Amino acid sequence: MKPYVLLFPALAGLAACAGGGEKAEAEAADAARLTAISEYVSSIDEKAASNKMMAAHNFVNGDNSAGVIGLYSIKDTPIRLYIFPEGPPGDSSIETWFYLDTVSVDVKMLREVITTKTGVIENTFYFDVDTLVGSESRKAKDLASLETAAITPYESPFGKTDYRFSPVEVNTLAEKANAALLIDQKDLSPKANEMRRLGASHWAVGNEPGWFLAIIPNKKIIYTGNYGENVIEFPAAPAQKGDKDASIFTSSANGHTLTAQFDNQVCTDDGDKKYPFTVTLKVDGKTFRGCGQPLF
């Protein structure tokens, strides 16, 4: 979804033309703040193509289990958090985005998309430090139609108890979501958790002799072979699509070459642990085989 950058300058102009007085000045100031927040959100979304991301699952959000994806600044602070439903779909689902200030880490915008059997609702809330500056809503029959739906003031079904009206409660939920991203995942090895904190999207391991591989999008590919004796860092490479939707990564550095293929075939390691990917790795012409999993 795109923030409404073009809407708020128009509101600011209308407020300024409404005449003098404190009310007109306050409305113009609020419109300016809304515009600044919306433009900031656009700049954060642009960073999704290059900044570090992390993911976590089984985050408890109310009565439901959810997944969380975090986007981080170059200083490793969260700037966007996305909470999405996991598990079997119900009669409705809620996806929530938090956009956070790069310095204070306070939420500047909360956006949620509620999907039901009858349509889609998008609600957006704008915050300036400890103040709710504005809120709005739009409804449509589906996501495609939502982009051109009319924007109306948000009307809460929960009255004054709606947590979206409280900057404190909104920030508390964002803090809990970020904390869920930072803790070690129990199903990962210490090294896999280390790579995950660096933003790795794919992890693979094998025993020919012991090796592992971490794919860190937009940053690098780390290969460690011979039980840790050989470490080679390759430039990042986008995934190429192979047969049966396999993901293939190819890179080279300082005379070394690497090709890693993640096939969608269940793999069982020597300890009987199952992985969703069977991995074929070629380093400098030598082939290794192992198991892999996504870290997103």
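Which residues lie nearest the centre of the second largest pocket? In this predicted model, the pocket in question is lined by 13 residues, and those nearest its centre are His 57, Gln 185, Asp 187, Gln 293 and Pro 294. The space within the second largest pocket comes to about 260 Å³, and its lining divides into 6 nonpolar, 4 polar and 3 charged residues. Two or more lining residues come from each of strands E1, E17 (274–275) and E19 (286–294).

Strand E1 also contributes to the largest nonpolar core, a group of 22 residues in which Ile 83 and Phe 98 have the most contacts. The elements below each supply at least two residues of this core.

| Element | Residue range |
|---|---|
| Strand E1 | residues 53–61 |
| Strand E2 | residues 64–72 |
| Strand E3 | residues 78–85 |
| Strand E4 | residues 92–100 |
| Strand E5 | residues 107–116 |
| Strand E6 | residues 120–128 |
| Helix H4 | residues 167–182 |

The largest share of the core, 6 residues, comes from H4. Leaving aside residues up to four places away in sequence, Phe 98 touches several residues, including Ile 79, Leu 81, Ile 83, Val 170 and Leu 173. Apart from this core lies another, of 20 residues, with Ile 44, Trp 97, Tyr 99 and Leu 146 among them.

Strand E19 belongs as well to an open sheet of 9 strands, which are paired antiparallel in the order E12-E11-E10-E9-E19-E18-E15-E14-E13. Because E12 (230–235) and E13 (240–241) stand at the edges with a single partner strand each, one side of each is left without a neighbour in the sheet. Within this sheet, E10 (residues 210–216) and E11 (residues 220–225) run antiparallel and are joined by 5 bridges, with Leu 213 standing opposite Tyr 223 in E11.

Key. Residues are numbered from 1 along each chain as its sequence is written. This is a predicted model: local features need pLDDT of at least 70, side-chain atom pairs count only at pLDDT 80 or more; totals for chains, interfaces and linings use all residues. Side-chain values use heavy atoms; hydrogens and water are left out. A nonpolar core is a set of buried Ala, Val, Leu, Ile, Met, Phe, Trp, Tyr and Cys residues joined through side-chain atoms within 4.5 Å. Buried means under 20% relative accessible area, exposed over 50%, partly exposed in between (1.4 Å probe, protein chains only). Helices (H or I, at least four residues) and strands (E, at least two) are DSSP runs, numbered from the N terminus. Contact means heavy atoms within 4.5 Å. On a 1 Å grid over the protein atoms alone, a cavity is a set of points where a 1.4 Å probe fits but cannot get out, and a pocket is an open set with protein on both sides within 12 Å along at least five of seven lines; lining residues have an atom within 4 Å of a point. Grid points are joined across faces, edges and corners, and a volume is the space filled by probe spheres set on the points. Ala, Val, Leu, Ile, Met, Phe, Trp, Tyr, Cys and Pro count as nonpolar, Asp, Glu, Lys and Arg as charged, and the others, Gly among them, as polar. Two strands pair if DSSP finds at least two bridges between them.
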